[in-house]
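Please consult the structure while reading.

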Amino acid sequence: MYDLIIIGRGLSSLLFLKQYLLTHSDLKILIIEKSKSVENRYISSWQGPGILDLKKEYGIDHDKVYKKISISNEEILIKKNIAPYSYNTYDYKHTIETIFNSIKDKVEIIYDEVISIKEKYNEVNVKTKKYTFISQYLMSSTSLNKQSANNKKMLYQYFIGTKIKINNNHTHDTCQLMHFLHSNNEVLFNYNLPFDQKTILIETTAFGKKVHFENLEKIHKRSLATFNIAKMIKKEKGVIPMSVNHKFQRTARIINIGIHGGFARPSSGYMLLRAAQWSKINKDKNLKDLVFKEKIIINFLDKIFLKACYYYPDKANSIFVKLFNSNDIASVIRFLADIPKLYDIVKILMNTPKKIMINALIK
Ligand SMILES: Cc1cc2nc3c(=O)[nH]c(=O)nc-3n(C[C@H](O)[C@H](O)[C@H](O)COP(=O)(O)OP(=O)(O)OC[C@H]3O[C@@H](n4cnc5c(N)ncnc54)[C@H](O)[C@@H]3O)c2cc1C
């Protein structure tokens with residue numbers, strides 16, 4: 001019998017535990033994780049004034065800090081110096097290991113796959129391939145027991161990334177946040193993270209109504225072919241739901257967290273900051289009171305933006321280009337980092353292409 005069982009030793013679970021154990025060190029907690037190894041991938045986040053400091057709060061070390069970003073399409077290249085803000089990239093495996101090592105003495109962990117969950121009046125039964133456990137509360141970062149959002153107008157962010165070594169030298173102080181490629185039915189772009197002069201992560205991403213990895217693979221290969229590659233280091237793939245209807249769900253005893261808990265920002269799929277912020281502000285709460293609330297104005301703007309991507313995928317890139325081309329890059333970053341002030345919202349509204357946004361709003 002546990003006070004709390006957490007399914008998954010992933011990002012959202014560990015961010016939560018790191019904060020919650022500061023105020024609830026007496027709880028008997030079990031983590032059930034299906035995989036002993038940790039995925040090798042990268043995860044990025046905005047940092048800077050007013051944004052939750054991931055190093056200070058969670059002890060997470062960045063792999064790379066970018067003070068410059070670029071946004072481009074076939075006609076225009078926008079380069080911005082974003083200081084005092086930065087775009088930081090973290091090694092997912094190292095991040096998971098760092099946080100886990102800092103809390104591992106206060107929790108139990110078993111490596112097994114949860115196959116079913118049953119909520120009863122005063123407890124939750126968690127069945128794994130080998131055992132059955134009982135707990136007062138269950139926190140799940142998986143899709144088990146979660147009702148899917150019945151949303152026909154759903155977009156998926158799906159991406160293929162390849163980390164490569166190149167023969168020639170590449171500038172490595174700028175993150176290519178989005179280089180839009182032409183597509184009539186999806187928002188399509190390349191996202192490049194140069195780690196050093198010779199090592200780059202090239203990621204081809206689509207916001208589409210359906211996931212077409214086969215087609216994306218071809219586009220990704222064409223993008224890779226523009227580099228003089230010495231070695232392919234590793235590949236990563238992912239799918240993140242993009243919808244304002246992909247909402248947080250909980251019952252009396254089961255709390256869904258993470259990507260499956262609706263924590264990801266609908267318009268970008270970014271989750272790290274949201275999960276970190278949520279964990280910090282909820283550390284004093286009882287498990288029975290934990291809920292995840294989104295900011296109404298951000299959700300509203302995300303909804304219009306997603307509609308623009310859904311109905312006008314060939315034109316949606318102009319929203320990003322216009323936004324990033326404005327002189328108010330700090331407002332754009334605060335908006336993307338979930339901490340916009342009122343005047344940031346006003347500036348965002350002034351700097352988005354009116355016609356597409358209004359058409360999307362009335363759809
Ligand atoms: C390739 C990729 C890149 C991303 N990049 C970014 C980014 O740059 N910035 C950002 O903010 N977000 C990013 N995201 C989105 C999101 O932040 C991450 O996916 C993040 O890891 C989600 O955290 P989580 O806790 O929901 O899931 P995870 O971190 O994936 O953890 C879930 C854990 O649950 C375990 N598990 C699953 N099912 C079971 C089961 N039945 N029984 C036991 N254990 C189980 C899994 O093995 C895993 O360890 C990215 C996602 C992907 C896939």
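Two strands pair if DSSP finds at least two bridges between them; helices (H or I, at least four residues) and strands (E, at least two) are DSSP runs, numbered from the N terminus. This is a predicted model, in which local features need pLDDT of at least 70, side-chain atom pairs count only at pLDDT 80 or more, and totals for chains, interfaces and linings use all residues. Residues are numbered from 1 along each chain as its sequence is written.

Q: Which residue in β7 is the bridge partner of Ser45?
A: β3 and strand β7 (residues 86–91) pair in the antiparallel sense over six bridges. In β7, the partner of Ser45 is Asn88.

Q: Between which domains does the ligand lie, and why?
A: Domain bounds come from an automatic or database domain assignment. The shell around the ligand receives residues from both domain 1 (2–53 + 90–147 + 248–289) and domain 2 (155–242), so the ligand lies between domain 1 and domain 2.

Q: Which residues are the closest to the ligand?
A: A residue is near a molecule or strand if its C-beta atom, placed from the backbone, lies within 6 Å of it. The ligand is surrounded by 29 residues, and the closest are Gly8, Gly10, Ser12, Gly238 and Gly258.

Q: How many residues of domain 2 are in contact with domain 1?
A: Two residues are in contact if their C-beta atoms, placed from the backbone, lie within 7 Å. The centres of the two domains, taken over C-alpha atoms, are separated by 29 Å. Eight residues of domain 1 meet residues of domain 2, which number seven.

Q: How are α6 and α10 oriented to each other?
A: The axes of helix α6 (residues 296–311) and helix α10 (residues 354–362) come within 8 Å and cross at roughly 95°. Angles under 35 degrees count as roughly parallel, over 145 as roughly antiparallel, 65 to 115 as roughly perpendicular and the rest as oblique. The two helices, α6 and α10, are therefore roughly perpendicular.

Conventions: Axes fitted to C-alpha atoms, helices over the stretch in contact; angles between N-to-C directions.
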